[in-house]
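Let's take a friendly walk through this structure, going from single residues to the packing of whole segments. Please keep the viewer open as you read.

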Amino acid sequence: MFLDQIIGFFSNDMGIDLGTANTLVLVKDKGIIINEPSVVAVRREKYGKQKILAVGHAAKEMVGKTPGDIEAIRPMRDGVIADFDMTEKMIRYFIEKTHRRKSFLRPRIIISVPYGLTQVERKAVRESALSAGAREVFLIEEPMAAAIGANLPVREPQGSLVVDIGGGTTEIGVVSLGGLVISKSIRTAGDKIDTSIVNYIKEKYNLLIGERTGEEIKISVGSAVQLEKELSVVVKGRDQVSGLLSRVELTSEDVREAMREPLKEIADALKTVLEMMPPDLAGDIVETGIVLTGGGALIRGLDKFLSDIVKLPVFVADEPLLAVARGTGKTLEEIGLLQQLTNEE
């Protein structure tokens with residue numbers, strides 16, 4: 001134990017929010033130092049070999065624009081590892097970028113994972129980090145990490161409800177006394193919203209666009225409720241009838257209609273969790289409300305949209321994109337909390 005403390009003093013322990021859309025890396029006592037897309041660009045070479053060309057921002061710039069021998073891969077899909085080898089390489093890249101050198105005392109790493117991940121998937125996440133150079137790996141459920149990062153009173157005998165809307169999954173958790181009382185994970189989140197926008201534009205305007213453009217539309221004009229002043233954006237793509245390049249003007253009303261179904265699925269999941277809640281905890285939530293975290297929390301008016309449906313106060317956390325990563329960092333700082341909250345096999 002004493003030796004481990006000495007090693008820990010000299011190594012940079014890390015918290016990783018290994019997301020479908022973005023990976024955030026937090027180093028103990030330094031804060032968040034990496035926030036990059038979870039994308040790896042590779043070139044296919046002879047005999048089935050692959051050479052990594054870029055990771056993170058540089059790789060995302062290549063999505064949808066690569067020649068035949070180059071592929072931009074998203075190794076995480078729907079909150080789980082879809083490509084073990086690429087995930088390991090991506091984690092290794094972020095670890096080495098964090099330490100800025102190849103040789104270092106191996107760090108202790110805590111990684112947030114979606115609630116309901118199978119033991120096989122948990123093992124894959126843990127082994128990826130160990131293979132990438134971790135000394136020790138702990139896993140923490142995303143709803144708990146989000147609640148801690150949003151400064152909710154997770155250790156108190158008081159119910160707190162957090163909804164973390166990421167890229168691949170939406171995680172809903174009721175937290176009390178340092179544990180998850182109720183939790184639900186659905187694979188409806190940012191990616192599915194982007195796909196809904198792509199499909200809507202294809203069906204209504206016969207215009208073909210990529211998922212990256214769908215995400216840009218969501219960010220620039222997306223809203224969950226009617227806006228005082230509706231927004232618009234010019235979208236460029238290929239007309240699927242004529243085959244020629246074309247453009248259309250898209251309004252926030254269009255995008256709201258496109259996002260209606262996935263947002264309804266998130267609202268229905270939240271209602272399911274509320275219906276499962278013990279009466280005493282329900283009283284706490286009526287008093288304190290619901291906190292939104294994750295990139296999806298930034299959709300305009302989503303707090304009002306959900307509040308109107310569940311008839312409870314809904315708030316967006318400060319810097320919701322960073323909540324899970326900050327939760328891993330706070331957990332790293334307290335060894336007792338780390339042992340209590342992480343799930344070891």
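Is Glu36 buried or exposed? Glu36 is buried, with a relative accessible area of 6%; here buried means under 20% relative accessible area, exposed over 50%, and partly exposed in between, with a 1.4 Å probe and protein chains only. Before going on, note that this is a predicted model, in which local features need pLDDT of at least 70 and side-chain atom pairs count only at pLDDT 80 or more, while totals for chains, interfaces and linings use all residues. Residues are numbered from 1 along each chain as its sequence is written, and side-chain values use heavy atoms, with hydrogens and water left out.

Now to the partner of Glu36. Glu36 forms a salt bridge with Lys97, and the closest N and O atoms are 2.4 Å apart; the term asks for a side-chain nitrogen of Lys or Arg within 4 Å of a carboxyl oxygen of Asp or Glu. Glu36 sits in strand β3 (residues 31-37) and Lys97 in helix α3 (residues 84-99), so this bridge ties together parts that are 61 residues apart in sequence. Helices (H or I, at least four residues) and strands (E, at least two) are DSSP runs, numbered from the N terminus. Lys97 counts as partly exposed, at 36% relative accessibility.

A search of the whole structure finds 20 salt bridges. One of them joins Lys218 to Asp194, with the closest N and O atoms 3.0 Å apart. Because Lys218 belongs to helix α7 and Asp194 to helix α6 (residues 190-205), the pair ties together parts that are 24 residues apart in sequence. Both Lys218 and Asp194 are buried. By contrast, Lys123 and Glu127 both lie in helix α4 (residues 119-131), four residues apart, about one turn of the helix. The closest N and O atoms of their bridge are 4.0 Å apart. Lys123 is partly exposed at 45%, and Glu127 is partly exposed at 34%. There is also a network of salt bridges linking Glu61, Arg212 and Glu216.

What about a charged residue without such a partner? Glu142, in helix α5 (residues 142-149), is buried yet has no salt bridge. The nearest side chain of opposite charge is Arg122, 10 Å away, where Lys and Arg count as positive, Asp and Glu as negative, and His and the chain ends are not counted. Leaving aside neighbours within four places in sequence, Glu142 is in contact (heavy atoms within 4.5 Å) with residues including Ser112, Asp164, Glu171 and Val324.

Next, the nonpolar packing. A nonpolar core is a set of buried Ala, Val, Leu, Ile, Met, Phe, Trp, Tyr and Cys residues joined through side-chain atoms within 4.5 Å. The largest has 44 residues, and Leu161, Ile217, Leu263, Ile290 and Leu302 have the most contacts inside it. Helix α8 (residues 252-276) gives the most to this core, with nine residues. The core draws at least three residues from each of domain 2 (150-186 + 257-319) and domain 3 (189-255), with bounds from an automatic or database domain assignment. Apart from this core lies another, of 29 residues, among them Ile73, Ile81, Ala132 and Leu139.

Finally, look at the aromatic rings. The whole structure has one aromatic pair. The rings of Tyr93 and Phe94 have their centres 5.4 Å apart and their planes at 65°, so the pair is edge-to-face. Rings of Phe, Tyr and Trp (its six-membered ring) pair if their centres lie within 6.5 Å; planes under 30 degrees apart count as stacked, over 60 as edge-to-face and the rest as tilted. Phe94 is buried at 2% relative accessibility, whereas Tyr93 is partly exposed at 29%.
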